Amino acid sequence: MKMAPSILAANFANLGHDVKIVSDAGADYLHIDIMDGHFVPNISFGPSIVKSIRSYTDIPFDVHLMIQNPDQYIEDFVKAGADIITVHVEACPHLHRTLQLIRSFGVKAGVVINPATSASILEPVLHEVDMILCMTVNPGFGGQAFIPSVLPKIEWLAEQREKNNYLYEIEVDGGVNEETIIDCANAGADVFVAGSAIFAKDDPAEALQNLKSVAMKHVRRG
Ligand SMILES: O=C(CO)[C@@H](O)[C@H](O)COP(=O)(O)O
């Protein structure tokens with residue numbers, strides 16, 4: 001069970017400080033949302049910001065590209081310090097090529113699916129991805145309500161992994177809090193992205209540790 005705090009909900013004027021807080025509190029990954037104003041209706045930040053926070057922690061950077069034409073920017077994010085790069089199946093007409101490109105830089109490659117996208121579209125690449133990210137909100141903004149109809153997809157992905165000995169992690173992102181994390185863990189997710197449920201709390205370190213201990217108590221039994 002891994003926690004991946006989303007810095008979208010952090011204080012951008014004090015990003016290094018916020019990154020250090022969650023890193024010291026035991027975050028497993030730092031989740032970094034890149035939004036281009038085209039694929040999603042919001043703009044966040046680019047590789048230079050990612051590079052500027054790299055020195056604040058050693059934990060892996062889990063970079064979620066919510067952008068059109070991700071191939072064009074993958075090298076920039078690797079150079080900025082990404083360890084895992086996930087791309088949306090909805091934004092990749094040549095998904096296999098994009099995954100090859102990510103791996104060619106020696107970093108882990110993952111695919112993201114929106115709530116309205118069926119997980120079966122990923123069947124041809126399940127054997128070779130490091131991570132599947134199931135969006136549990138429509139991407140673009142933090143602080144939205146969890147969409148429970150995504151849960152059967154998480155179960156299906158966990159079943160496929162068990163049946164075929166696949167190695168991908170199943171990450172969930174959007175509206176994850178102390179209640180919804182239970183359903184996600186029961187369904188088979190093992191990496192939990194949380195923005196507001198960590199950074200909007202008075203004590204982000206304590207919030208992160210509480211979320212992780214709730215998830216640990218609800219590990220899926222296959
Ligand atoms: O990718 C996204 C939103 O598009 C997420 O990573 C959000 O940043 C999660 O925020 P909360 O729902 O946890 O506040």
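In this predicted model, S196 touches A9, G142 and G143, with residues up to four places away in sequence not counted. S196 is located in helix 7. Because 17 other C-beta atoms lie within 10 Å of its own, S196 is partly exposed. S196 is also one of the positions that UniProt, in an unreviewed entry, lists under "binding site".

Apart from neighbours within four places in sequence, the contacts of S6 are H31, D33, G142, V193, A194 and G195.

The ligand is surrounded by 22 residues, of which L8, P139, G142, G195 and S196 are the closest. Strand 2, strand 8 and helix 7 are the elements that contribute two or more residues to this shell. Sorted by class, the shell holds nine nonpolar, 11 polar and two charged residues.

The feature "active site" is placed by UniProt, again in an unreviewed entry, at D33 and D173. These positions are spread over 141 residues of sequence, yet they cluster in space, with a largest C-alpha distance of 10.5 Å. D33 belongs to strand 2, which covers residues 30-35. A residue is buried if 20 or more other C-beta atoms lie within 10 Å of its own; D33 has 24 and is therefore buried. Not counting residues up to four places away in sequence, D33 touches S6, L8, S44, H64 and M66. D173 belongs to strand 7, residues 169-173. With 26 other C-beta atoms within 10 Å, D173 is likewise buried. Its contacts, leaving aside neighbours within four places in sequence, are L133, M135, T136 and V193.

Helix 8 comprises 13 residues, 204-216. Within helix 8, the residues P204, A207, L208, L211 and A215 are buried. These residues cover an arc of only 100° around the axis and so are on the same side of helix 8. On the other side, E206, S213 and M216 are exposed. The buried residues of helix 8 are covered by elements including strand 1 (2-5), helix 1 (15-24), helix 6 (180-187), strand 8 (191-194) and helix 7 (196-199).

Most residues other than glycine have a negative phi. In N69, by contrast, phi is positive, near 50°. N69 is situated in the loop between strand 3 (61-66) and helix 3 (74-80). N69 counts as partly exposed because it has 14 C-beta neighbours inside 10 Å. N165 also has a positive phi, near 55°, and is situated in the loop between helix 5 (151-164) and strand 7. N165 counts as exposed because it has 7 C-beta neighbours inside 10 Å.

Notes: Residues are numbered from 1 along each chain as its sequence is written. This is a predicted model: local features need pLDDT of at least 70, side-chain atom pairs count only at pLDDT 80 or more; totals for chains, interfaces and linings use all residues. Helices (H or I, at least four residues) and strands (E, at least two) are DSSP runs, numbered from the N terminus. The expected span of a helix is 1.5 Å times one less than its number of residues. A residue is buried if 20 or more other C-beta atoms lie within 10 Å of its own, exposed if 12 or fewer, and partly exposed in between; C-beta atoms are placed from the backbone. The arc is that of the directions from the helix axis to the C-beta atoms. Two residues are in contact if their C-beta atoms, placed from the backbone, lie within 7 Å. UniProt positions are given in the numbering used here, feature names are shortened, and annotations may be inferred rather than shown by experiment. A residue is near a molecule or strand if its C-beta atom, placed from the backbone, lies within 6 Å of it. Ala, Val, Leu, Ile, Met, Phe, Trp, Tyr, Cys and Pro count as nonpolar, Asp, Glu, Lys and Arg as charged, and the others, Gly among them, as polar.
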